Amino acid sequence: MNKQIISISCLLILIVCTSLAGLNGYTVSAAGATAVTITSSPNPGNANISIVLTANVAGNPTNFVNWFSNSSTGTFNVTNPVSLVSGVSVVSYIDAQPGNVNITATYLGDGSSNSVTITLFRPADINHDGSINFNDIVYFVTAYIAYKNGAPINLVCDLNNDKTLNFNDLTAFVAAYQA
Ligand SMILES: [Ca+2]
Ligand SMILES: [Ca+2]
């Protein structure tokens, strides 16, 4: 009976030690991790309209990052692994599905990662109020006139993803509006 208790005690101690060792290993790894920050623009954005994602890895290392989306309908303009330039990776992302998407960038130097959540509205809901109506057309025309007068491009209005605002976006808007 005593031997049994001792055996069980030893087993418990072993389990606790193994757990602590595991936790300790995790803590050491986290303490040595490299900070990864991600910015996204525009966010909120729209389905089918390009989002620019920038990962910044502390210390400006070379090496690579892997980009990952938790959405099966999203695509990046790059193939993993992606080279860092002075610790920075800039990519484009397009998702056909409205909703919240979680994007992760993992620094392959030590496996450090970070995530950002992007909110995507329906393609024609460019003023992001949940409805598709005349107000979106007003928003588009206002952004279009401002852009023609020298203001920076409002990327949620760049419906054909060519980084300029012109008649082609109006055509794409009408198509999205009718969809
Ligand atoms: Ca709207
Ligand atoms: Ca455009």
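What share of the contacts in the protein with a separation of 6 or more comes from residues 24 or more positions apart? Such residues account for 52% of those contacts. The points below concern a predicted model.

1. Overall composition. The protein contains three helices and nine strands. Read from the N terminus, its elements follow the order α-β-β-β-β-β-β-β-β-β-α-α. Of its 179 residues, 24% count as buried.

2. The five-stranded sheet. Five strands form an open sheet with mixed pairing, in the order β2-β9-β8-β4-β6. The edges are held by β2 (45–46) and β6 (82–83); each has a single partner strand, so one side of each lacks a neighbour in the sheet.

3. Strand β4 (residues 64–69) and strand β8 (residues 99–107) run antiparallel and are joined by five bridges. Val 65 has Tyr 107 in β8 as its bridge partner.

4. The partners of β3. Strand β1 (residues 36–41) is antiparallel to β3, with six bridges between them; Ser 40 stands opposite Leu 53 of β3. Strand β7 (residues 88–95) also pairs with β3 in the antiparallel sense, over six bridges, and here Ala 55 is found opposite Ser 89 of β7.

5. The two faces of β3. Side chains alternate along strand β3 (residues 51–57).

Technical notes:
Residues numbered from 1 in each chain as written. Chains lettered and ligands numbered in written order. Predicted model: local features only at pLDDT ≥ 70, side-chain atom pairs only at ≥ 80, totals over all residues. Pairing = 2+ DSSP bridges. Helix = DSSP H or I, 4+ residues; strand = E, 2+ residues; numbered from the N terminus. Buried ≥ 20, exposed ≤ 12 C-beta atoms within 10 Å, placed from the backbone. Contact = placed C-beta atoms within 7 Å.
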